[in-house]
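Here is a short report for a first look. Start with the sequence and the structure, then read on.

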Amino acid sequence: FLYEFRYVLGEPYLTISSPAEDLTTELNVLPISGIAEEGADVFLNGRALPTSDEGEFRDSALLLKGLNELEFEVKNRFGKIHKEVRYVIVK
C-alpha cells in the first residue's frame, strides 16, 4: 500500500536520453527519446508523445536555427506533473 501511495504524493519520474543538456548541433531534426513513469502522458512543447506500455518514448523534434527550448512534461494518472527543459542550439 505504501509503495503505491508514493505515486499519489510524489511527482512522476522522467529520464531524457536524448537530447543531451545544453546541446549544440547542426541538425534541424533531432531525435528525442527517454522513459517516463509507466502509464503517464508525456508532452514535448505541449505536443503529446507516443509512449510504450513501459513508458518509453521516441520521436523527433524540428528545430530552428539558433536557440531552441524543448520543454518535456510528464503527467501521471493522479494529475501530478514533472517538467524538464533542454536547450539546443542549431548552428
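## Charges

How far apart are the mean positions of the positive and negative charges of the protein chain? They are 3 Å apart. The chain carries 10 positive and 16 negative charges. This is a predicted model, and the values here are computed from it.

## Fold and dimensions

The protein chain holds one helix and eight strands.

The C-alpha atoms fill a box of roughly 50 × 20 × 20 Å, taken along the principal axes.

## Burial, surface and contacts

The protein chain has 91 residues, and 34% of them count as buried. It exposes about 5,900 Å². Carbon and sulfur atoms supply 53% of that area.

Take the contacts with a separation of 6 or more: residues 24 or more positions apart account for 55% of them.

## A look at Ser 18

Ser 18 lies in strand β1, which covers residues 14-18. Is this residue buried or exposed? Ser 18 counts as buried because its relative accessible area is 18%, and the cut-off for buried is under 20%.

Which residues does Ser 18 touch, not counting those up to four places away in sequence? They are Pro 31, Ile 32 and Ser 33.

Technical notes: Residues numbered from 1 in each chain as written. Predicted model: local features only at pLDDT ≥ 70, side-chain atom pairs only at ≥ 80, totals over all residues. Heavy atoms only, no water. Helix = DSSP H or I, 4+ residues; strand = E, 2+ residues; numbered from the N terminus. Buried < 20%, exposed > 50% of the residue type's maximum accessible area, 1.4 Å probe, protein only. Contact = heavy atoms within 4.5 Å. Areas by Shrake-Rupley, 256 points an atom, 1.4 Å probe, with all protein chains shown as cover. Lys, Arg positive; Asp, Glu negative; His and termini not counted. Charge placed at Lys NZ, Arg CZ, Asp CG, Glu CD.
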